[in-house]
Amino acid sequence: MVMSALDTLADRVSGPLIRPGDEAYEDARHVYNAMIDAHPAVVVRCTDTADVVATVRYAADTGSPLAVRGGGHSVPGFGTADDAVVADLSDLQAVDVDDASRTATAGGGTTWGRFNDVTAAHGLATTGGIISTTGVGGLTLGGGIGYLCRGYGLSCDNLLSAEVVTADGSVVTAGESEHPDLFWALRGGGGNFGAVTRFTYRLHPVTTVVGGPMFFELSDGPAILAHFREFIRTAPREYGGFPAFQIAPPLPFVPENRVGEPFVAVVSCWTGDPAEGARILDGFRDVARPVAEHTGEMPYAALNSAFDGLVPPGLQHYWKAAFVRELTDAAIAAHMEHGPKVPTVNSTVHLYPINGAVHDVAADGTAFGHRDASFAPVIAGMWPDPADNERNTAWVRDYYAAIAPHSEAGGYVNFASADDQSRAGANYGTNHARLREVKRRYDPTNLFHLNQNIVP
């Protein structure tokens with residue numbers, strides 16, 4: 001690309017263009033995963049939908065790779081690429097709440113922390129993720145597993161409409177009555193179909209929750225996991241917690257002599273009557289005595305951001321994900337073999353339950369293709385030192401290989417790594433063929449290919 005072409009783009013957008021050699025370039029080229037070291041041709045800090053249109057059209061006209069960056073949390077670093085044109089949506093953070101309809105509209109670069117802060121002032125929330133610095137866009141387009149999904153469905157199940165810039169530079173609103181095929185595909189099909197500049201969500205009355213982490217001895221792990229498996233089958237939908245493997249961080253509630261040790265954890269979130277929530281937490285204590293815990297009533301937004309400090313920008317990331325219909329005894333044994341080897345306090349393993357309201361939606365009701373799964377485990381390898389990449393990546397791969405025989409084909413696309421591209425068919429599940437049809441209709445040249453890609 002020649003400088004005059006970029007100058008033309010600069011004349012067409014309101015936001016700044018950040019190019020190699022600019023003072024802001026070194027910061028702008030980086031994404032959340034420090035393992036990604038790409039050098040894009042330009043980063044366009046889009047200030048409105050018109051800027052996104054101009055950037056998409058420029059990439060299409062010049063044959064340039066196009067990366068769309070929302071929160072920038074993509075593990076494979078899809079928000080950047082060598083020689084790419086980056087449409088950076090991070091300035092699109094406006095959140096507007098309509099109390100009468102219990103809906104909220106959020107800009108395409110909004111983070112869940114920003115979204116939760118605004119909706120909490122209205123006593124409302126919708127299903128977000130587990131880390132508040134995650135962008136609403138990436139999480140929703142890939143499905144959207146979070147604390148509230150057993151009660152209210154995935155993030156994508158709460159999406160009412162989306163403003164989308166398609167590959168030809170058109171701006172369309174996708175919903176049940178407008179572009180319904182595109183709306184279907186956006187709800188679980190990832191960023192394959194366009195750059196979403198605005199999301200409108202259904203909200204729910206969620207304010208204070210009962211929850212937090214409980215740490216149990218590894219020797220109690222099999223009993224805790226087995227109890228969780230049985231409990232969650234028929235648990236009230238107000239419960240949205242998950243079991244985990246976690247090294248105890250240096251926090252006041254952790255005994256000083258146990259900091260740095262691995263534990264089986266249960267992180268709870270209860271949105272119903274506080275007394276009933278306390279009773280449910282007692283059920284875990286009846287199985288085994290916690291070594292440490294920090295549970296109680298707190299704002300939902302506080303729980304949604306509670307682990308942000310463990311996963312700051314700049315860590316090395318390598319993740320693997322699975323879907324599980326049944327957490328069998330053999331699967332529990334595999335987790336107990338590999339989970340305690342979690343290498344750093346930043347790394348973790350979560351076994352998210354995705355039954356309840358997630359199962360209310362038909363398998364073909366949205367593009368999220370794994371409605372028959374009961375759990376979505378993720379092995380999230382995160383660590384600060386690149387010198388540990390080979391060893392810690394091997395931990396993730398070995399762990400995944402051990403649970404694969406007890407899992408379904410495919411895994412949650414939001415947790416997939418760059419080397420999972422060959423598994424796209426399995427990852428998108430039963431809806432992959434239909435997704436390819438929608439892809440051919442809206443992006444036949446695969447302009448939006450920096451994602452867990454659906455080939456037209």
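View 1. Welcome to a predicted model, in which local features need pLDDT of at least 70, side-chain atom pairs count only at pLDDT 80 or more, and totals for chains, interfaces and linings use all residues. Residues are numbered from 1 along each chain as its sequence is written, and side-chain values use heavy atoms, with hydrogens and water left out. Strands here are DSSP runs of E with at least two residues, helices are runs of H or I with at least four, and both are numbered from the N terminus. Two strands count as paired if DSSP finds at least two bridges between them. Strand β11 (residues 242–247) pairs with β12 over 6 bridges in the antiparallel sense. Strand β10 (residues 208–216) is also antiparallel to β12, and 7 bridges join the two; there, G211 sits opposite C269. Of the 9 residues of β12 (residues 262–270), 8 are buried, where buried means under 20% relative accessible area, exposed means over 50%, and partly exposed lies in between (1.4 Å probe, protein chains only).

**View 2. An open sheet has 5 strands in the order β5-β6-β9-β7-β8.** The pairing in this sheet is antiparallel. The edge positions belong to β5 (95–98) and β8 (171–175); each has a single partner strand, so one side of each is left without a neighbour in the sheet. On average, neighbouring strands are turned by 15 degrees against each other, direction ignored; axes are lines fitted to C-alpha atoms, for helices over the stretch in contact, and angles between N-to-C directions run from 0 to 180 degrees.

**View 3. Strand β7 has bridges to both β8 and β9.** Strand β7 (residues 159–165) is joined to β8 by 5 bridges and to β9 by 6 bridges, with β7 and β9 running antiparallel. On the β8 side, look for V165 opposite V171 and for A162 with its bridge partner A174. On the β9 side, L159 stands opposite Y201. The hairpin of β7 and β8 has 5 residues between the strands, and in it G169 takes a positive phi near 85 degrees. Because 5 of its 7 residues are buried, β7 is largely enclosed by the rest of the structure.

View 4. What covers the buried residues of α4? Among the covering elements are β5, β6, α5 (136–141), β9 and α10 (300–304). The buried residues of α4 are W112, G113, F115, N116, V118 and T119.

**View 5. F115 belongs to the largest nonpolar core.** A nonpolar core is a set of buried Ala, Val, Leu, Ile, Met, Phe, Trp, Tyr and Cys residues joined through side-chain atoms within 4.5 Å. The largest one holds 78 residues, of which F115, Y147 and L186 touch the most other members. Its largest share, 5 residues, comes from helix α7 (residues 180–186). Domain 2 (95–205 + 429–442) and domain 3 (208–417) each supply at least three residues to this core; domain bounds come from an automatic or database domain assignment. Leaving aside neighbours within four places in sequence, F115 is in contact with V95, A104, A106, T110, T126, V136, Y201 and L203. A second, separate core of 39 residues includes M214, F216, A331 and I379.

**View 6. Domain 2 and domain 3 have C-alpha centres 24 Å apart.** Their contact takes 37 residues from domain 2 and 40 residues from domain 3. The division of the chain also gives domain 1, at residues 5–88.

**View 7. R102 and N446 have positive phi values without being glycines.** R102 has phi near 50 degrees and lies in the loop between β5 and β6. Is R102 buried or partly exposed? With a relative accessible area of 40%, R102 is partly exposed. N446, with a phi of about 60 degrees, lies in the segment after α14 (432–442). At 16% relative accessibility, N446 counts as buried.

Methods: Contact means heavy atoms within 4.5 Å.
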